[in-house]
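These are my notebook entries on a two-chain structure. I set down what I looked up, one topic at a time.

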Amino acid sequence: MNNKKGQLQIQETILVIFIFTIILLIGLTVFYRYTIDSIRADQERYEDFKFKVGISSIPSMSEIKCSFLGEQKECIDLDKAIAFSIYSKDYFSLFGYSNITLYLVYPGSVHKPVLIYYRKPAVVRQSQIISTPVLVYDPEYANYKIGKLVLVRYK
Amino acid sequence: MLRLDNKKGQGIQFNWIYVVLAGAIILGFFSWFIVRYIDLQNTKLDAKVARNIDSNLLALKSASQFKPVIDLGDSFDFDFFCDSVTVNSKYTQKINDKIIFSSGHITKTRNLYVWTYGLDAGFFVDNLLYIIDPKQKYYLVYDKDKDFVQTLYDRMPNGLYDNVFISDYSGASLSPVGKNKFILFFEPSREQLEILSSKGKVVRIEPKSSGQITFYDLGTASVDSFFGYGLLYGAVFSDSKEQYGCSKKRALDKLNLLSNIYYTKARNLAKISRNPLCDYNTISNLLKSLSESSRNGDISGVTKSIDPLAYENRRLYDLSCEGVF
């Protein structure tokens, strides 16, 4: 009878440990998933921020910004933007998967939209679009136009 | 009877051993978990700080300015290289689109000074960022070229005058040992070099708008070159030849790209120009030559192109032609 009592106690202990371990593992898994999701959310917020800041920093890039007698002015040089589009493929580390296009809005223009940068992933789950009006200088006609800079981010 | 009592006693002993073992394992597991969790949270914080710095640098890059302080809220260790920053030796953030010169390893600081200064090569290239450790002291040491050194000093923002000093050799040699950097604008003697090297890092820069830089490190001298005040200041605030060389290469790559962009623009202007006086061939050739020099790292080639380029561009404007830049 003492033997049976002892055996019963051991079985009880094993069961308790087993259930405790299961609960612990579930708890750890939930916590791990929560932490990973929180890190991903942080990263996503940062990428979002960079994307939104991009729309104000791109017109300031010396690669496309107007320059008169060596002095920079607050406009986009159309010729420079067209020339930059030839070399912009090296800017993946800066622009990532995105599409940056300059549209000439007013007055009407014979120029097609300028595809400043374009890189699309094989599969697009989601895309974000942001745009801003910009002043564009056209050296061919030596005049200014109103343009729209559109930035599309692919996720 | 006695045997039965012994077994009972042994049973209790085994019970206690079992409890202690199980308790130790559980305690050990939770301790490990807590340590890993704290580590993870610290890494998250380091990542946040690194991204904060990247964002601040992006904002500061937009114009020539001096930001007295990036206040980080707490003390951190930083390792800046030309294309990245590492926080607390754990998290590395790439700094892709900025050209930075910095103090290298910066320990336990809650503030960083950032100065932005433009790089010019006949046309604007980019804003260079100098990241300065508030604890570092820079001594601009002159011999005969005091005027040149004074001009360099006067161009710096007032906020840096607690960290940057101008003096002759005798004044510099009396500086206390600490986090010092001596920037010499003369050829030092062996003895002068030994005395200053015992107090901090030493760099020699030719007192001209373009020339050679000599980095002295552990008894060896290695040479690099610069053009313009932008790169000269870069040599002042760089931690090492490697860091300076890497940032200089990024500046030259940017110059190469801009030369190509302006070349393309010049060819386009040549095609559409209706004014027979507007000859874009000279400026196109100069831009091509500048692009090649910057691609090859040929500083003397770059320097030779700058003035003729600015002259040609001005000439086009004077002839009522569309300027290239």
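**Entry 1: helices α7 and α8 of chain B.** I began with the handedness of the crossing between α7(B) and α8(B), which is left-handed. The coordinates come from a predicted model. Helix α7 of chain B covers residues 281–296 and helix α8 of chain B covers residues 299–318; I read an angle of about 155 degrees between them and a distance of 9 Å between their axes. Since an angle over 145 degrees counts as roughly antiparallel, I describe α7(B) and α8(B) as roughly antiparallel to each other. I then listed the residues that make the contact. From α7(B) they are Thr282(B), Ile283(B), Leu286(B), Leu287(B), Ser289(B), Leu290(B), Ser293(B) and Ser294(B). From α8(B) they are Gly301(B), Val302(B), Ser305(B), Pro308(B), Leu309(B), Glu312(B), Asn313(B) and Leu316(B). By type, the residues of this contact between α7(B) and α8(B) are eight nonpolar, seven polar and one charged.

**Entry 2: helix α6 of chain B.** I next followed α7(B) to its contact with helix α6 of chain B, residues 241–272. The two helices pack at an angle of about 160 degrees, and their axes are 8 Å apart. That angle makes α6(B) roughly antiparallel to α7(B). The crossing of α6(B) past α7(B) is left-handed. Among the residues of α6(B) that meet α7(B) I noted Leu252(B), Leu255(B), Tyr262(B), Tyr263(B) and Arg267(B). On the α7(B) side, the residues include Ile283(B), Leu287(B), Lys288(B), Leu290(B) and Arg295(B).

**Entry 3: the six-stranded sheet of chain B.** I traced an open sheet of six strands in chain B, in the order β8-β7-β9-β10-β11-β12, with mixed pairing. Its edge strands are β8 (164–168) and β12 (220–227), each of which pairs on one side only. On average, and with direction ignored, neighbouring strands of this sheet are turned by 25 degrees against each other. Within the sheet I looked up one pair in detail: β7(B), residues 137–142, and β9(B), residues 180–184, run parallel and are joined by five bridges. Tyr139(B) has Phe182(B) as its bridge partner in β9(B).

**Entry 4: helices on the sheet.** Which strands does helix α4 of chain B lie across? I found α4(B), residues 190–197, across β9, β10 (201–205) and β11 (210–217) of chain B, at about 135 degrees to β10(B). The α8(B) helix of my opening entry lies across β11 and β12 of chain B, at about 25 degrees to β12(B).

**Entry 5: helices α2 and α5 of chain B.** The axes of α2(B), residues 146–154, and α5(B), residues 228–237, come within 12 Å and cross at roughly 90 degrees. These helices are therefore roughly perpendicular to each other. Phe148(B), Thr151(B) and Leu152(B) of α2(B) meet Tyr229(B), Leu232(B) and Tyr233(B) of α5(B). I count this contact of α2(B) with α5(B) as five nonpolar residues, one polar and no charged.

**Entry 6: strands of chain A.** I moved to chain A, where β3(A) and β6(A), residues 143–154, run antiparallel with eight bridges between them. Leu102(A) is paired with Leu149(A) of β6(A). Strand β5(A), residues 127–138, also runs antiparallel to β6(A), and 12 bridges join the two. Here the bridge partner of Ile130(A) is Leu151(A). The hairpin of β5(A) and β6(A) has four residues between its strands, and Ala142(A) takes a positive phi near 50 degrees there.

**Entry 7: backbone exceptions.** Most residues other than glycine have a negative phi, and most peptide bonds are trans. I recorded a cis peptide bond between Tyr106(A) and Pro107(A), with omega at about -10 degrees. Pro107(A) sits in the loop between β3 (98–106) and β4 (114–118) of chain A. In chain B, Ser89(B) has a positive phi near 55 degrees, and it lies in the loop between β2 (84–87) and β3 (91–94).

**Entry 8: the interface.** Lastly, I looked up how the chains meet: 35 residues of chain B contact 37 residues of chain A. The area buried between them is about 3100 Å², with 64% given by carbon and sulfur atoms. In chain B, the residues that lose the most area to chain A are Arg51(B), Ile261(B) and Lys265(B), together 17% of what that side buries.

Conventions:
Residues numbered from 1 in each chain as written. Chains lettered and ligands numbered in written order. Predicted model: local features only at pLDDT ≥ 70, side-chain atom pairs only at ≥ 80, totals over all residues. Heavy atoms only, no water. Axes fitted to C-alpha atoms, helices over the stretch in contact; angles between N-to-C directions. Parallel < 35°, antiparallel > 145°, perpendicular 65-115°, else oblique. Left-handed = near helix turned anticlockwise from the far one by under 90°. Contact = heavy atoms within 4.5 Å. Nonpolar A, V, L, I, M, F, W, Y, C, P; charged D, E, K, R; others polar. Pairing = 2+ DSSP bridges. Buried area = accessible area lost by both parts, 1.4 Å probe.
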